[in-house]
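Please look at the fold below with one residue in mind to begin with.

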Amino acid sequence: MTDAHPPRKPRIALMGEFSAGKSTLSNLLLGARPLPEKVTATRLAPVWMSYGDTPAYRVLVDGSTEPVSLDRLESIPVAQTHVIRLFMECDILDLCDLIDFPGISDPNMSSEVWERMLPEVDAVIWCTHATQAWRQSEAAVWAMMPDALRDFSILLITRYDKLINDNDRRRVLQRVRLETDGQFAASFPISLVQALQAGDDYDKWDASGAGPFVTHLVDMIDNLTKVAARTDQPLYNIANGTAIPDPVRATIMPRRVQQMHQAPQTGSGDADDPVRASL
């Protein structure tokens, strides 16, 4: 008998301060720009991306919906918009949903714009700029996140190539990992631009820091898929000290995750897209 309500996909938020690399990370994970070139994602309400070809629409704060034009996204009033929904047919969205948040410290945007989306989130990929990594404003926001969400979240120290020597890189990495100890499942230094430029060169891909990050991300999505099958409530809503519910139905593992665990990577097929090859 087929389950009429299959387990929901994990929902992973892309968060961080203004200009920390969230849009570049989104491009890397999706293998394409989700928004038109002229659209500035930092001036939008949260953008929730799912698999499919449904036309884009926005959800207003009152719960109503209306269609939107991708070319006119920046004209959408942020304060009245709960979330913008976009749909794409790409591999990572076959495994999970991605929610691109605006910068947490944008002086031109109320924090309420992104705070009201937090209850939809299972995990976070947090981007912190290497030259000013893990500012007090970031730590303050992260401190309010529940343990269940932290247990699956990743910290990316972005623009790592902007640190000019090995001593600076080592010092920043040690400091950030010390200050965030126990607050993330893992942390990785990375140059997202170098990862995008790597193409089918897997040595450059790994040298950018993307290789270890994506390997961990695939495993994280695997584990989150199993957990998401246990609760319709995203993990942000599970209070500290409260257990995640026991499973009520069998986990349906996405096919690409199954293949990832059953066969070694060969570097063929999707060699032009290292993320897609990993997924």
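Valine 78 sits in the loop between strand 4 and strand 5; helices (H or I, at least four residues) and strands (E, at least two) are DSSP runs, numbered from the N terminus. The model is a predicted one, in which local features need pLDDT of at least 70 and side-chain atom pairs count only at pLDDT 80 or more, while totals for chains, interfaces and linings use all residues. Residues are numbered from 1 along each chain as its sequence is written, and side-chain values use heavy atoms, with hydrogens and water left out.

What does valine 78 touch, not counting residues up to four places away in sequence? Its contacts (heavy atoms within 4.5 Å) are Arg43, Leu44, Ala45, Met109, Val113 and Arg116. For leucine 44, which is 34 residues from valine 78 along the chain, the C-alpha atoms of the two are 6.2 Å apart.

Nine strands make up an open sheet with mixed pairing, in the order 4-3-5-2-6-1-7-8-9; two strands pair if DSSP finds at least two bridges between them. Strand 4 (65-67) and strand 9 (186-189) are the edge strands, each pairing on one side only. On average, neighbouring strands of this sheet are turned by 20° against each other, direction ignored. Axes here are lines fitted to C-alpha atoms, for helices over the stretch in contact, and angles run from 0 to 180 degrees between N-to-C directions. Helix 9 (residues 210-228) packs on the sheet, where it touches strand 1 (11-16), strand 7 (123-129), strand 8 (154-158) and strand 9. The direction of helix 9 makes about 160° with that of strand 8.

Strand 2 shows both kinds of pairing. Strands of a sheet pair through backbone hydrogen bonds, either parallel or antiparallel. Strand 2 (residues 47-51) and strand 6 (residues 97-100) run antiparallel and are joined by three bridges, with methionine 49 having leucine 98 as its bridge partner in strand 6. Strand 2 and strand 5 (residues 81-88) run parallel and are joined by five bridges; here tryptophan 48 has arginine 85 as its bridge partner in strand 5. Four of the five residues of strand 2 are buried, so this strand is largely enclosed by the rest of the structure. Buried means under 20% relative accessible area, exposed over 50%, and partly exposed in between (1.4 Å probe, protein chains only).

Helix 1 can be read by the same measure. Seven of the nine residues of helix 1 (residues 22-30) are buried, so the helix is largely enclosed by the rest of the structure. The buried residues are Lys22, Leu25, Ser26, Asn27, Leu28, Leu29 and Leu30. After helix 1 comes glycine 31, with a positive phi near 75°.

How many salt bridges are there? The count comes to nine, a salt bridge being a side-chain nitrogen of Lys or Arg within 4 Å of a carboxyl oxygen of Asp or Glu. One of them joins the side chains of arginine 11 and glutamate 120 at 2.8 Å, N to O. This pair links distant parts of the chain, 109 residues apart: arginine 11 is in strand 1 and glutamate 120 in the loop between helix 3 (112-115) and strand 7. Arginine 11 counts as buried because its relative accessibility is 15%, whereas glutamate 120, at 23%, counts as partly exposed.

Another salt bridge is formed by arginine 135 and glutamate 17, whose closest N and O atoms are 2.8 Å apart. Arginine 135 lies in the loop between strand 7 and helix 4 (136-142) and glutamate 17 in the loop between strand 1 and helix 1, so the pair ties together parts 118 residues apart in sequence. Arginine 135 is partly exposed at 38% relative accessible area, and glutamate 17 is buried at 7%.

Within helix 6 (residues 166-179), arginine 175 and glutamate 179 are four residues apart, about one helical turn. Their salt bridge has its closest N and O atoms 3.2 Å apart.

For the whole protein chain, the secondary structure comes to eleven helices and nine strands, and 51% of the 279 residues count as buried. The mean pLDDT (the predictor's confidence in each residue, from 0 to 100) is 86, and 84% of residues reach 70 or more. Over residues 251-271 pLDDT stays under 50. Where pLDDT is low, the predicted coordinates should not be read in detail.
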